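The following account is intended to be read alongside the sequence and the coordinates. Please keep both in view while following the paragraphs.

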Amino acid sequence: MSVALPRILRTSSFHLTLAYAGLFGASVLILFGVIYWATNIYMANSLDAAVDSDITELEDSLQVGGDAALTALVMERVRQMPYGPMYYLLQDPNGKVVAGSLLPFYGGEGRFDLKIPRSGAPSVPIHSRGIILNDGKYLMVGVDALPRREMHKLIVRVFGWSSAISLVLAFGGGALMSGGLLRRIETISRAARDIMAGDFSRRIPVRGTGDELDHLVASLNAMLERNEAAMESVRQVSNDIAHDLRTPLTRLRQRLDLAQRRARSVEEWRGAAEGCVSDMDAILESFGALLRIAQIASGGPARRFAEVDLSELLCTLIEVYQPMAEEKEQRFTADIVPGLVVWGDRELLAQMIANVIENAMKHSPVGASIGLTTLQSPSAITVTVMDNGPGIPVADRGRVFRRFYRLESSRSTPGSGLGLSLVEAIAALHRVSIELTDNGPGLRVTLQFFAPDQQTFAGDRLAKHQTRGELWVVSDHPPVVSRNTVPTASSEY
Amino acid sequence: MKILLIEDDGETADYVANGLREEGHLVSQVASGAEGLICAMGNGFDLLIVDRMIPGLDGLNLVKSLRAAGHLTPVLFLTALGGVEDRVSGLNAGGDDYLVKPFAFSELVARVAALGRRPHTTVAETRLHVLDLELDLLSRTVRRRGELIELQPREFRLLEYLMRHAGQVVTRTMLLEHVWDIHFDPRTNVVETHISRLRSKVDKGFEAELIHTVRGAGYCVRSPT
């Protein structure tokens, strides 16, 4: 056993063992006490009975045959068994022995125990009873009480051995049990130390017995899985920041550098400063968006969830964006079922849908049509935003949710590349599934809000995807409102 | 306006204070929460600008204590905490407005001006006037030179907000927050399109333009000077 002994002594299972051993010992002690007591009574009764029957017999002979008959009978008995198991003494009132196997003695009437010393051997205990006969003679009959003493000794010996054995078993078993438990706990803490040392993919081995320790290990592993996914996403964010903020920061530096070297007039300096401020604003905005995504991904805002009138929210957003579409000569049509209510955060949901609408408007050409429809089924509320713009190639549909990812074709349009990441984070928080499908031509974005009883189902899928280190929510079944759909992006992720 | 600025970062504090002084405000600066609370309770300020994260008593608790003591001085939170939750908790604590760092100075100026005017607008007004433009809050009608102008409900609210702050600059985000209840900044020029629609209804055909665009800051409704 790799575990040091002192540590075993400190384990709770060992303490438990100790307590059990103590309890067990006490119950054995009580049991033996009862046995000892009962045996004692039984033995005493049987000895009494032996003495009593002999005395009765002797009294009978006195009554029938008189003094001589009694004396003869006693002498006969003594002759038959000079060394027990029965001992006799008949003495006259003067203390002279008339007959018997014992020395003159007066123990009075009643029962008493005495010992007969023997030369070269242990004294013999006898249980006796004395009576005074009618003529004043003293008669005492004794019986060898050695069996009783033997029995007592035997009981004590058996008790001693059995308690010794049971204690050894209790302690040994306890040590073994706590040793086994300790080893398993040691495995867990070793794994924990490995993980602390940086091996984040390390998991605690499960024994497969399905006991409570296995359950604990399974929960711990699930927690580690989640933490690893969360760490991965944090790492991803810092990578994104490092890589993607470098570009605008470099640009800013270049602009300042250029101003330093070339700018001559106040006007030129002012122009350079204006450019720098707007560059800086863009960078700060990216930072803000990243922080917002991180905050949403942490799940914190879910605490403030309440019922949101989705229909009202959609109407407001349409009202906000309608004039803009008209300005771009885009046709923005909406078909909203009234009274749709979902569970969530109004502001975040507004931002999510606004981003999707803006995305459609921004990437669709002048004269395009954009549509927003809602659909309510018993299991889900579906919001679909579609356009007939250039769409997103199938291969890119999963990637657009990545932070800072921008399609080659849209590099020229303004934007941070964080809009859809934010959409995805908000959707994940609300357990809303997002699907990007072909609108033939154009893009169709389907957002599905699951009814509360369906949410656990969606949540399970969400958890499954998160454990694989991906935060983008997908749906496995075909979209509710689509015709002419090609295989969805989700099937590849 | 007499303003108390409670901000621990010296550079930011100077930037804000000097900028506001240039705008004609009287600014006192304090760097800790406890000191800020004492000053705020005593000196009859028109507005408090409070950083959320300051040493000693933090901004949120400062405002809570102030409100608990019955002081109604308007409070503008200035903070690096930009999450939705942070804003809600700030407003629940008794803040009147909330500005996330980094911010454009024009945004701060506009909000400061709007908060300064607030006490006067609490008096129930039923009609708002700017030159020959009249907005009736009871019948919810708008007339210019006596002529009825048809407005959508949201356009009415937009004009109402602008006219309540007549003569002041109102920023895009202020409009989004108060007219549409939208608390994020859409990347697109949504507000501009709504303003230009409103302008086409209110100003078109009249020689005096009332809805002005203040470059780099926002919008302003006022009579032409």
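Chain B contains eight helices and twelve strands, where helices (H or I, at least four residues) and strands (E, at least two) are DSSP runs numbered from the N terminus. This is a predicted model, in which local features need pLDDT of at least 70 and side-chain atom pairs count only at pLDDT 80 or more, while totals for chains, interfaces and linings use all residues. Residues are numbered from 1 along each chain as its sequence is written, chains are lettered from A and ligands numbered from 1 in the order in which they are written, and side-chain values use heavy atoms, with hydrogens and water left out.

Of the 225 residues of chain B, 49% count as buried; buried means under 20% relative accessible area, exposed over 50%, and partly exposed in between, with a 1.4 Å probe and protein chains only. Among contacts (heavy atoms within 4.5 Å) in chain B between residues at least 6 apart in sequence, 55% join residues at least 24 apart.

Strand β12 of chain B, residues 218–221, has two partners to consider. Strand β11 (residues 211–214) of chain B runs antiparallel to β12(B) and is joined to it by four bridges; two strands pair if DSSP finds at least two bridges between them. B:I211 stands opposite B:V221. The two strands form a hairpin with three residues between them, and B:G216 in the turn has a positive phi of about 75°. Strand β10 (residues 170–171) of chain B also pairs with β12(B) in the antiparallel sense, over two bridges, and B:V170 has B:Y219 as its bridge partner.

Most residues other than glycine have a negative phi. B:L131, in the loop between β6 (127–130) and β7 (133–136) of chain B, has a positive phi near 50° and is exposed at 51% relative accessibility. A:R431, in the loop between α9 (419–429) and β11 (432–438) of chain A, has a positive phi near 55° and is partly exposed at 37%.

How do helices of the two chains pack? Helix α7 (residues 310–327) of chain A and helix α8 (residues 190–202) of chain B pack at an angle of about 80°, with their axes 8 Å apart. Axes are lines fitted to C-alpha atoms, for helices over the stretch in contact, and angles run from 0 to 180 degrees between N-to-C directions. The two helices are therefore roughly perpendicular, a term for angles of 65 to 115 degrees. Residues of α7(A), including A:Y321 and A:M324, meet residues of α8(B), among them B:H194 and B:R197.

Conventions. Angles under 35 degrees count as roughly parallel, over 145 as roughly antiparallel, 65 to 115 as roughly perpendicular and the rest as oblique.
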